[in-house]
Amino acid sequence: MSAETAPKRWTVLELINWTRDYLARAGVDQPRLAAEWLLAEVLGCKRLELYTRFEYEPTPAQRDAYRELVRRAAQREPLAYLVGHREFYSLDFLVSPAVLIPRPETELLAQLAIEHLQGLGRPEVRFWDVCTGSACVAVAVARHVPGGRGLATDISADALAVAAQNVERHGLGDRITLARADLLALPAEQADLAAEPFDALTANPPYVSTAQMAELPPEVRHEPAGALAAGAEGLDTIGPLLEQAPDRLAPGGLLVMEIGLGQADAVWALVTENPRYERPRFAKDPAGIDRVLVAYRAT
């Protein structure tokens, strides 16, 4: 058989290059990274290990599995859902379409809570993570605050099932309690979980306005609408949380809550009009956007 008629060798490098171009034409963001991430998942290795395996030829079964993931990625399914996990705060979390995909900007939420709880200088502290989703914030806080005991709640039973897997996966079943709740309203039979005030309350609530929901990228539309949509101005969850949080916080306790792009003025008005808060400020994400509200329960 001549070189001209020899079958094409689908090496790791050839697969990455072909997939990069294919995903780029489909409008996928960072197509080279996506191609590598999916192939690493199929081969059961770290993405950077692909660079030492460029000449390896995946088996037909591996190519078939990869082809199916690439097909779905081209249809703009989120990559995190395709591979079933996502890194957050240097920890790996299971994810599914039942929960929001953890995002880098939300790490700021965990960081601020960790710094506050560590700064209290007490052997035991309590925190409540509202709208916990995958429990990525609750787990990150508990892992970095050894004396911390957390309550993590969500209104979605499906989300709590994912959260339970992550809590157990990181060995925190004895320090994080999961419960179903509508914001800060626990069922009567679980009211004792919030009998004592909390030192910190973290929240990444729904904050996408009606107009913004209509303009979301295709990948984001695969995420649970209930964890995104928050009414005409995107404040339908933020407003009630700001009203309820002081009842759950100890004096001097910290509220850290993620907000959306362009919401800072409206949220500032809400928090400064409430005399139960003091020292409010916004923390900016790496893009320079006011991303997290920081406020303390008045002492």
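Is Ile114 buried or exposed, and what is its relative accessible area? Ile114 is buried, with a relative accessible area of 4%; buried means under 20% relative accessible area, exposed over 50% and partly exposed in between, using a 1.4 Å probe and protein chains only.

Before going on, a word on the source. This is a predicted model, where local features need pLDDT of at least 70, side-chain atom pairs count only at pLDDT 80 or more, and totals for chains, interfaces and linings use all residues. Residues are numbered from 1 along each chain as its sequence is written, and side-chain values use heavy atoms, with hydrogens and water left out.

Back to Ile114, which has its place in helix α5. Helices (H or I, at least four residues) and strands (E, at least two) are DSSP runs, numbered from the N terminus. Setting aside neighbours within four places in sequence, Ile114 is in contact with Tyr89, Ala140, Val141, His144 and Val145, where contact means heavy atoms within 4.5 Å. Take Val141: it sits 27 residues from Ile114 in sequence, yet the two are 5.6 Å apart in space, C-alpha to C-alpha. Val141 is also one of the buried residues of α6. That helix, residues 136–144, is mostly covered, with seven of its nine residues buried.

Now for the sheet. Seven strands form an open sheet in the order β5-β4-β3-β6-β7-β9-β8, with mixed pairing; two strands pair if DSSP finds at least two bridges between them. At the edges are β5 (176–180) and β8 (277–284), each pairing on one side only. From one strand to the next, the twist averages 15°. β8 and β9 (residues 290–297) run antiparallel and are joined by six bridges. Within β9, Asp290 is the bridge partner of Lys284.

Axes are lines fitted to C-alpha atoms, for helices over the stretch in contact, and angles run from 0 to 180 degrees between N-to-C directions.

| Helix | Strands touched | Angle with β7 |
|---|---|---|
| α5 (residues 107–119) | β3, β6, β7, β8 and β9 | about 160° |
| α9 (residues 238–248) | β3, β6, β7, β8 and β9 | about 155° |
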